Amino acid sequence: MDIKEKLSMLPESSGVYKMFDATGTVIYVGKARILKNRVRQYFHSSNNHTEKVKAMMQNVVDFDYIITNSEYDALTLESNLIKKYKPRYNILLKDDKDYPYLKINLNKNFPKFEITRKIIKDNAKYFGPFNGGVRVKDLLEIIRATYAIPDCKINLENPPKNHRPCLNYAIKRCSAPCAGYISSEEYKKSINAAIAFLKGKDENIEKILYDKMMYFADREEFESAINYRDKLESLKSLKKRKIINFNEIKDIDIVAIAGNGFFNCISMLFIRGGKMLGSVNKILDDDAGLNLSVLLSSYIRQYYETELVPEETYINIELEDLNLLQEWLLNERDVKINLKYAKKGKKFELIKMAEKNAMDYLETHTKSQKNKQDFTLGACLQLQKQLNLKKAPMRMECYDISNTSGQEKVASMVVFYKGEPLRSHYRKFKIKTVEGIDDFKSINEVISRRINELGGNDLSFSSVPDLIVIDGGKGQLSSAAEAMGEWINKIDLISLAKREEEVFKPGESNPIIIPHNFNSLKLLQRIRDEAHRFAITFHKKLRLNKFLSSELDKIKGVGKNRKTALIKKFKTVEGIKNATLNEIKEIERMPDKIAEDIFNYFNKNVGDENK
């Protein structure tokens, strides 16, 4: 059944749809209140589509759908399928968020504040996030200095007997619960005061810090006085972040989205206790949803699954599924979120501020991406034109030989895709058939082996390159061309000579000179230098392993397996030399006597690698 026929049979029901590429891979998952309307929009006139949707639809060869009982069920199924397939055109927020929070467990007799980056349901209180302006460490220092809350690792629920307090008690930075100098009830009064400060009630904290500063100044303990003065300055800086005329002591998130057809940006402002604690801008360039409402809804759903939910969250555009999203987060994730719009007043001004941040960040990102494209994809297109290549060299492979006096001869294969390193496709070779130093024969062997692997199962070797780059001059180029056989008519081949950065092509006696300020030459230099680095690294590793292995051969009782274990654990001669006897003994199945022999040998005989 072709797509046109499938489109005509779409039901007027809620459900989830999947888009497939030519390999049968799911590249997008979406939900719909009415499948017939939503899915058809993708295949109708593309005039109103964003560049992301256009790019996705160029790859779509088929679609499928699942009917659900309700739009709520469709939202649940969509969420599960996105996590299952990880489609390339859906938003996939990482789980390892890096927003810092302050956490305190009030169920303990003597709770302490700690910094965390994970929100878990453990009945503890969390404050934050702190991002883009307020350093959580500075805030924690103010709290500890003001309310004398300890920061040590002592277990205050069961402290050591007859414990003596540390210096922090003497300088009024700790109330010494570890020594029993304060009751649990009095200690919790300090904790409650600190929590009130974090919630925006900071009337008394400045006076407390000032009194402590003057206390030490009067006693001419100026180091302690200066410490409290610094905390006062930090506090004043924090208080300046109070939003003008925003007197509500509330926790609020402002979330704005903006797009320009190519990229989308989310800007968030974090307001806690009436103060702006930070902001974050995030480019969402993976989603191919039809509009910003779909995109924002998807972002909010994923973000608040793991982050702290404030009392109110204000957004800049209306969501098609606002009530459904709130209901789903509450029922499925136990997240109660209060999503609102604001059309006037201070909160409207904050939404406009977030929108302005998003647009500014979007503009900067778009410009940087254009500059990046000039150095990557743009440079590939430039190379095609300058070198008269068969096609734009989207996949480039570069080869380099490395050896020392003909020993441990190796070669590297480095791959760039669309002008950027594709490190998972890098490969290494040990030269097998060449005696002594002969770069021409070595290149011939490596290219022959590489061409022979084109029909294999290796992900990199089975990919046909558009351009092969050889590090060298005419001699290396001729050897490579000979090794390519009939493939020389299908794959472009060049060499790059280092001294003058001349480009040679097979069958052409004169080099091509690319001006030094051209991005195309810089791309060739980048891949050549990367191939050289990769080859040298591999060569050094083999030399070191050979040397270390030969040294270990001199120690009685150290056979192949023990050599392998020692090299794996300590990596280098210096690593073994610096190892303790106990560390050597820790190796599995290492007898104490042999461990002692190894320890004694390397501590008596090894000076350096070349000795």
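**Entry 1: Tyr 17 and the aromatic pairs**

I looked up Tyr 17 in this predicted model and found a relative accessibility of 1%, so I recorded Tyr 17 as buried. I then turned to Tyr 28, which has a relative accessible area of 2% and is buried. Since the cut-off for buried is under 20% relative accessible area, the value of 1% places Tyr 17 in that class, and the value of 2% does so for Tyr 28.

I next searched the whole structure for aromatic pairs and noted 12 of them. Tyr 17 belongs to strand β1 (residues 15-20) and Tyr 28 to strand β2 (residues 26-32), so the pair ties together parts that are 11 residues apart in sequence. I also noted that ring pairs join Tyr 17 and Tyr 28 with Tyr 42 in a cluster.

I checked the accessibility of each residue. Phe 429 has 4% relative accessibility and counts as buried. Phe 461, at 12% relative accessibility, also counts as buried.

I then looked for charged groups over rings. The charged end of Arg 427 sits over the ring of Phe 461, at 6.0 Å from the ring centre. I found Lys 490 over the face of Trp 487, 4.7 Å from the centre of that ring.

**Entry 2: Helix α14**

I compared the span of α14 with expectation. Its 14 residues, at 1.5 Å a residue, should span 20 Å, and I found the end C-alpha atoms 20 Å apart, which agrees. I listed the buried residues of this helix as Ser 442, Ile 443, Glu 445, Val 446, Ile 447, Arg 450 and Ile 451. What caps the N-terminal end of α14? I identified Asp 438, which has a side-chain oxygen 3.2 Å from the backbone nitrogen of Phe 440.

**Entry 3: Strand β7 and its sheet**

I traced an open sheet of five strands, in the order β9-β8-β7-β10-β11, with mixed pairing. Its edge strands are β9 (275-283) and β11 (339-340), each of which pairs on one side only.

Is strand β7 largely enclosed or open? I found seven of the eight residues of β7 (residues 252-259) buried, so this strand is largely enclosed by the rest of the structure.

I followed the pairing of β7 with strand β8 (residues 264-272), which is antiparallel and extends over eight bridges. Within it, Gly 259 stands opposite Asn 264, and Ala 258 has Cys 265 as its bridge partner. The two strands form a hairpin with four residues between them, and I noted a positive phi of about 95° for Gly 261 in the turn.

I then considered strand β10 (residues 312-315), which runs parallel to β7 and is joined to it by four bridges. Here Asp 253 stands opposite Thr 313.

**Entry 4: The largest nonpolar core**

I looked up the largest nonpolar core and recorded 33 residues; Leu 102, Phe 113, Ile 143, Ile 149, Phe 197 and Leu 209 have the most contacts inside it. The elements that give two or more residues to this core are β4 (101-104), α5 (136-147), α7 (184-198), α8 (205-218) and α9 (222-239). Which element gives the most? I found that α5 does, with seven residues.

**Entry 5: Two loop residues**

I placed Asn 105 in the loop between β4 and β5 (114-116). The C-alpha atoms of Asn 105 and Pro 165 are 23 Å apart, and the two residues are 60 residues apart along the chain.

I found Asp 321 in the loop between β10 and α11 (322-333). Asp 321 has a relative accessible area of 6% and is buried. I noted a polar contact of 3.1 Å between the side chains of Asp 321 and Lys 31.

Note on methods: Residues are numbered from 1 along each chain as its sequence is written. This is a predicted model: local features need pLDDT of at least 70, side-chain atom pairs count only at pLDDT 80 or more; totals for chains, interfaces and linings use all residues. Side-chain values use heavy atoms; hydrogens and water are left out. Buried means under 20% relative accessible area, exposed over 50%, partly exposed in between (1.4 Å probe, protein chains only). Two strands pair if DSSP finds at least two bridges between them. Rings of Phe, Tyr and Trp (its six-membered ring) pair if their centres lie within 6.5 Å; planes under 30 degrees apart count as stacked, over 60 as edge-to-face and the rest as tilted. A charge sits over a ring if NZ of Lys or CZ of Arg is within 6 Å of the ring centre and within 35 degrees of the ring normal. The expected span of a helix is 1.5 Å times one less than its number of residues. A polar contact is a pair of N or O atoms within 3.5 Å; within protein, one must be able to donate a hydrogen and the other to accept it, and residues adjacent in sequence count only if both atoms are side-chain atoms. A nonpolar core is a set of buried Ala, Val, Leu, Ile, Met, Phe, Trp, Tyr and Cys residues joined through side-chain atoms within 4.5 Å.
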